[in-house]
There are 2 protein chains.
Amino acid sequence: MKASIPSATISRLPVYLRCLDEFTATSTTCSSDQLAAIAGVNPAQVRKDLSYLGSYGVRGVGYQVEDLKAQIARALGLTKEYPVAIVGAGNLGSALAKYDGFSAWGFEVVALLDIDPERVGLEIDDHPVEPLSALEQIVEERDVSIGIVATPAPAAQEVADRMAAAGVRSILNFAPTVLHVPDGVQVRRVDLSTELQILTFHLHNV
Amino acid sequence: MKASIPSATISRLPVYLRCLDEFTATSTTCSSDQLAAIAGVNPAQVRKDLSYLGSYGVRGVGYQVEDLKAQIARALGLTKEYPVAIVGAGNLGSALAKYDGFSAWGFEVVALLDIDPERVGLEIDDHPVEPLSALEQIVEERDVSIGIVATPAPAAQEVADRMAAAGVRSILNFAPTVLHVPDGVQVRRVDLSTELQILTFHLHNV
DNA sequence: TAGATTGTTAATCGATTAACAATC
DNA sequence: TAGATTGTTAATCGATTAACAATC
């Protein structure tokens, strides 16, 4: 059943989870109309999305905010801890290592690696920079489930290959390149230039 | 005509642009099959996407790599310069200010602002941190066309409101919140936790 | 009961892709 | 000409949303 949740719905669930926080202080329930307004989507879509989780709403009343948050978190698998390894301790990798929004949802940065000997040994926000050569060992020993690629583009594919070979099943790619990975490994791409270029398209075509 | 390019196509154009670089060294032409393999999409989709730009391919031969890059860049509006202002000089904002992949496509960081007096006056990679109070003046004087929100979530909406009021038409939001903006202003959201949570869904449901 | 809101259906809309005629 | 590959059609697929019966 879970596996049949449409991907578009899955990517909206984290947004709903965020938006529900805005009700926590003021109300114990919320309607699909209210949540839709905050999340910036159609109310029918909210109801349809939430219906994939089961029937947790009450007709005539709405959804119990805390209940719903728990159900969404459960559906997303946020009841577990996820050890994260970041490869690339440059500007972006370092900023990610310092980011404190991870822990709120059970993500823990357990390693920060770099290939540059000059960076290895540095301490970035309590994370020692370790050598890339230790990647496989670290993945194994610390049970890394998510790998973050924050290297320059030319290094990204090789890092992803090694992550996948070492058993990492999920990769978040910040390098401006398209990664090719084996079946069973999922990649999500976050590309600053791509986002900016999509914005310029619309700026340009008005 | 341009305005009728589907949004899914628009978000793939920057990817094609990236992938075409891989041909530059080895070949002057490429086929939709080759480009599709590198970009990780269906060959028919590549042809359909590119057909929105006009007919720049040659049957039996393929596309001229350099030609196609120029056409995509033109369609995306990358022939102009886009002044960018970053609000929030914390970990992420600073990393973005230092990012040198901007300039390759005509983006120039012309301001880095922060509300914290302790940060104002710092110099981050040649960008002086300026006070948030100067936002409106800076947008006007430096003709800022893209605003990047790299503040904590609670501050993001107010910053976006001020950007929009000052005439910024495009906003890239890194704060973990959904921004509400007037018609005519476009927002794209980049949310680390959302990406990680989408990954955990699949990790969890295997 | 009357009012409100869900859960779900069915219609609509848009995106993807197989297939192939056009043509270099 | 024969082989290759585009551009485009039409079929398929999936996502969105209006509408409303169900029901609290």
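Which residue stands opposite Cys30(B) in strand 3 of chain B? Tyr63(B) does. Keep in mind that this is a predicted model.

Let me place that pair. Strand 1 of chain B pairs with strand 3, residues 62–64, in the antiparallel sense. The pairing runs over 2 bridges. The sheet is open and has 3 strands, in the order 1-3-2. Its pairing is antiparallel.

Now the interface. Chain B brings 62 residues to the contact, and chain A brings 62 residues. About 5600 Å² is buried between chain B and chain A. Carbon and sulfur atoms give 67% of that area. In chain B, the residues that lose the most area to chain A are Gln197(B), Leu199(B) and Phe201(B). Together they account for 12% of what that side buries.

Arg18(A) forms a salt bridge with Asp191(B). The closest N and O atoms there are 2.6 Å apart. We also find 16 residue pairs in polar contact across the interface.

Which elements of chain B touch chain A with two or more residues? Among them are helix 1 (7–24), helix 4 (65–75), strand 10 (186–189) and helix 8 (192–204). Helix 8 of chain B gives the most, with 13 residues. By class, the side of chain B that touches chain A has 34 nonpolar, 17 polar and 11 charged residues.

Note on methods: Residues are numbered from 1 along each chain as its sequence is written. Chains are lettered from A and ligands numbered from 1 in the order in which they are written. This is a predicted model: local features need pLDDT of at least 70, side-chain atom pairs count only at pLDDT 80 or more; totals for chains, interfaces and linings use all residues. Side-chain values use heavy atoms; hydrogens and water are left out. Two strands pair if DSSP finds at least two bridges between them. Helices (H or I, at least four residues) and strands (E, at least two) are DSSP runs, numbered from the N terminus. Contact means heavy atoms within 4.5 Å. Buried area is the accessible area (1.4 Å probe) that two parts lose on being put together, summed over both. A salt bridge is a side-chain nitrogen of Lys or Arg within 4 Å of a carboxyl oxygen of Asp or Glu. A polar contact is a pair of N or O atoms within 3.5 Å; within protein, one must be able to donate a hydrogen and the other to accept it, and residues adjacent in sequence count only if both atoms are side-chain atoms. Ala, Val, Leu, Ile, Met, Phe, Trp, Tyr, Cys and Pro count as nonpolar, Asp, Glu, Lys and Arg as charged, and the others, Gly among them, as polar.
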